[in-house]
Amino acid sequence: MFEGFLRVVDRCAVCGFDFTRLNTGDGAAIFIMQIAGGLVVFTALFVQVAYNPPISAMLAVAIPLAGALSLGLMRPGKGVMIALQMRNGTARDE
């Protein structure tokens, strides 16, 4: 379904579905950033309140974790957005 990190192929190699009619835009990125940011922020708040580590240690862990979660979840998130468009028939007509 993907060629490269997030670029969607034009046609499915198995069934021939035309992916050019689908447009996820930035929808997946917005959801993934909110999910990853929420997880990291609330986890960091819990750790800060419970264990009171130095701020530099919290930043050294939280910032890379937010980036890794965002990048790691981006491709599955975009796949879900494409699958939802296919299921709901919201592909744009040409």
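Me: How many salt bridges does the structure hold?
Reply: This is a predicted model, where local features need pLDDT of at least 70, side-chain atom pairs count only at pLDDT 80 or more, and totals for chains, interfaces and linings use all residues. Residues are numbered from 1 along each chain as its sequence is written, and side-chain values use heavy atoms, with hydrogens and water left out. A salt bridge needs a side-chain nitrogen of Lys or Arg within 4 Å of a carboxyl oxygen of Asp or Glu. The structure holds one.

Me: Which residue forms a salt bridge with R7?
Reply: The closest N and O atoms of the pair are 3.0 Å apart. R7 pairs with E3.

Me: Which residues make up the largest nonpolar core?
Reply: A nonpolar core is a set of buried Ala, Val, Leu, Ile, Met, Phe, Trp, Tyr and Cys residues joined through side-chain atoms within 4.5 Å. In soluble globular proteins, nonpolar side chains tend to be buried together. Here the set has six members: F2, V8, V9, F19, L22 and I82.

Me: With which residues is V8 in contact, leaving aside its neighbours within four places in sequence?
Reply: Contact means heavy atoms within 4.5 Å. V8 itself belongs to the largest nonpolar core. Its contacts are M1, F2, E3, F19, K78 and I82.

Me: How many disulfides does the structure hold?
Reply: A disulfide is a pair of cysteine sulfur atoms within 2.5 Å. The count is zero. C12 is in no disulfide, and the nearest cysteine sulfur, that of C15, is 3.5 Å away. C15 is exposed at 58% relative accessibility, and the disulfide total remains zero.

Me: What is phi of N52 near?
Reply: N52 is found in the loop between α1 (27-51) and α2 (55-88); helices (H or I, at least four residues) and strands (E, at least two) are DSSP runs, numbered from the N terminus. N52 is exposed, with a relative accessible area of 58%. Most residues other than glycine have a negative phi. N52 has a positive one, near 50 degrees.

Me: Where in α2 does a kink lie?
Reply: The bend at a residue is the angle between axes fitted to the seven residues ending there and the seven starting there. In α2 the kink is about 40 degrees. It comes shortly before the proline P76, at M74.

Terms used: Buried < 20%, exposed > 50% of the residue type's maximum accessible area, 1.4 Å probe, protein only.
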